Amino acid sequence: MTRSVSIVVPVFNEADFIPRALPSLVDQVVAVAPDAEILIVENGSTDGTADTARRVSTNPPVRVISLPDPDYGAAMRQGFLESDGDWVVNFDIDYFSGRFLETVLSQPDDVDLVIASKRDPQSKDRRSLLRRIATLVFNLLLRTVLGSRVSDTHGMKGFRRALVDDVAPQVLSTKDLFDTELVVRAERAGYRIVEVPVEVVEMRTARSSLIKRVPRTIKGLFRIRRALRSG
Ligand SMILES: Nc1nc2c(ncn2[C@@H]2O[C@H](COP(=O)(O)OP(=O)(O)OP(=O)(O)O)[C@@H](O)[C@H]2O)c(=O)[nH]1
Ligand SMILES: [Mg+2]
């Protein structure tokens, strides 16, 4: 018998935050899915993140995977490929929800992908105005450049096993765009996608630099477009 869900959590230089966040993540997951596995995928950290994760959660369901070079998308990809749950759900160490997991696991059979959309009219996005604007602008670019109709690709998502096995190996993007390309490829392949509202509360001060991300993201979206056009 296969397990109901694998949770994939990319982490980078989170040694300080993991002791605070991981026990709560594990509790919330186990309360909803006692048979879940939780794959913590670290790459390139310089602060002992992987060891900290192993120390904080010594027992299953947590498994820690460690790779050499810092890359969010590569970590996500590795976690997805090593997972074996009927669903694969991605969480960040500072953004996870047992309630979202419950929503994913209660979907009817014909749903393949569940997106927690920060832009759903019923969502409560309590992040800073700048982050909310960044999400809006990114989504407008996604719609314009790639013709996508989803309203958000960053953040929590649940993927059906068949979709992961079919589409994840085709994804070329790394870094922040791995999951965006996965969603867009799934959309184009005709998988059934539903978006659900979410409440987003910052668990800590935002630490990633938007300035560095913007040019990289725009280049990445055009690279995805070229890849999709060339088949
Ligand atoms: N494995 C891996 N994980 C990463 C990398 N960069 C970020 N992460 C993890 O990805 C998740 C999201 O990263 P954050 O730093 O919170 O970035 P964000 O959520 O996009 O932006 P803010 O939280 O608003 O700053 C966290 O779990 C990070 O530890 C990376 O290079 N490799
Ligand atoms: Mg974050």
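Colleague: Which of the 19 residues around ligand 1 come nearest?
Modeller: This is a predicted model, in which local features need pLDDT of at least 70, side-chain atom pairs count only at pLDDT 80 or more, and totals for chains, interfaces and linings use all residues. Residues are numbered from 1 along each chain as its sequence is written, while chains are lettered from A and ligands numbered from 1 in the order in which they are written. A residue is near a molecule or strand if its C-beta atom, placed from the backbone, lies within 6 Å of it. Of the 19 residues around ligand 1, those that come nearest are Pro 10, Phe 12, Ala 75, Ile 93 and Ala 206.

Colleague: Which element supplies the largest share of the shell around ligand 1?
Modeller: Helices (H or I, at least four residues) and strands (E, at least two) are DSSP runs, numbered from the N terminus. Strand E1 (5-11), strand E2 (37-43) and helix H3 (72-82) each give the shell at least two residues. The largest share is 3 residues, and it comes from E2.

Colleague: What packs against the buried residues of H3?
Modeller: "Buried" says that 20 or more other C-beta atoms lie within 10 Å of a residue's own, and "exposed" that 12 or fewer do, with C-beta atoms placed from the backbone. In H3 the buried residues include Tyr 72, Ala 75 and Phe 80. Counting contacts as C-beta atoms, placed from the backbone, within 7 Å, their partners are E1, E2, strand E3 (62-67), strand E4 (87-90), helix H6 (161-167) and H7.

Colleague: How far apart are the end C-alpha atoms of helix H5 (residues 129-146)?
Modeller: Take 1.5 Å times one less than the number of residues. H5 has 18 residues, so it should span 26 Å. The model agrees, with its end C-alpha atoms apart by 25 Å.

Colleague: How wide an arc around the axis do the buried residues of H5 cover?
Modeller: The buried residues of H5 are Thr 135, Phe 138, Leu 142 and Leu 146. They lie on the same side of H5, because their arc around the axis is only 65°. The face turned away from them carries exposed residues, among them Leu 130 and Ile 133.

Colleague: Which residue in E7 is the bridge partner of Leu 113?
Modeller: Strands pair if DSSP finds at least two bridges between them. Strand E5 (residues 113-117) and E7 run antiparallel, joined by 3 bridges. Within E7, the bridge partner of Leu 113 is Phe 159.

Methods:
Arc of directions from axis to C-beta. Contact = placed C-beta atoms within 7 Å.
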